[in-house]
Amino acid sequence: VVFINNKILNLRKSTGILPESKLFPVVPIGTDVFTDKILKNSKNPVMGFIGVIKKSQGLSEVFDSAEFIVKKFPNAKFEIIGSGPDEEYFKTIALKSPLSTMFHGYLEGESFNSVLKKCTIGVATYLPDSSNVSHFGDPGKIKIYLSLGLPVIVTDIFEFSQEIVKSKAGVIVKSGNPAEFVKAIETIMADYKNFRKNALNLAKKY
């Protein structure tokens, strides 16, 4: 039996499904580090999202902060890759949003890489709902962002969030706090070269 993080392993032990004394291997999701040099515009943030388009994935964190983002960064953009049950809901919101947003639909492999390579920040702001299964996961999207050297903005609901902050490869934000979200963008963009280097170094670790 192999686990992708300690959080779900400890849950299994605490509920008595597995014996406390027995050891099990923990193997996180891996990365495929993109080695080509990518020149990034570190002045204008281009936020990237890849995943299932549903409310629990935290897209609302970006749109709720949109007015504040464009006030600070007038040329900011948001690139969304994926499809899902709430796709039309967010497309309707995007039409009214001051933030320039592009929906690319479902893409695979090099197709989604070609979009994300143009981004400067990866977004993984999962909502802290207790029923959100991401609490016990190891989000693959974050490993994709890091593989491309994208610093990430995350919410602190999964184990890997702490490693991102410890490695200075991104910033943790609280859900429902637009001012904090914009501050996270400012923090990353102000020291983008180092955040990008740290993201790649963290990707190499996996």
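T187 has a relative accessibility of 32% and therefore counts as partly exposed, where buried means under 20% relative accessible area, exposed over 50% and partly exposed in between, with a 1.4 Å probe and protein chains only. The residue belongs to helix α8, residues 178–190; helices (H or I, at least four residues) and strands (E, at least two) are DSSP runs numbered from the N terminus. Leaving aside residues up to four places away in sequence, T187 touches V171 and F195, contact meaning heavy atoms within 4.5 Å. This is a predicted model, in which local features need pLDDT of at least 70 and side-chain atom pairs count only at pLDDT 80 or more, while totals for chains, interfaces and linings use all residues. Residues are numbered from 1 along each chain as its sequence is written, and side-chain values use heavy atoms, with hydrogens and water left out.

Helix α8 lies across β1, β4, β5 (152–155) and β6, running at about 170° to β6; axes here are lines fitted to C-alpha atoms, for helices over the stretch in contact, and angles run from 0 to 180 degrees between N-to-C directions. The open sheet has six strands with parallel pairing, in the order β3-β2-β1-β4-β5-β6, two strands being paired if DSSP finds at least two bridges between them. Because β3 and β6 (170–173) stand at the edges with a single partner strand each, one side of each is left without a neighbour in the sheet. From one strand to the next, the twist averages 25°. Between β1 (residues 46–50) and β4 (residues 121–124), which run parallel, there are two bridges, and G48 stands opposite G122 in β4.

In helix α4 (residues 87–96), the residues E87, F90 and A94 are buried. Seen down the helix axis, the buried residues of α4 fall within an arc of 70°, so they line one face; the arc is that of the directions from the helix axis to the C-beta atoms. These buried residues pack against α2 (59–64) and β3 (100–103), whereas the face turned away from them carries the exposed residues E88, L95 and K96.

Ring pairs link F63, F78, Y89 and F90 into a cluster, where rings of Phe, Tyr and Trp (its six-membered ring) pair if their centres lie within 6.5 Å, and planes under 30 degrees apart count as stacked, over 60 as edge-to-face and the rest as tilted.
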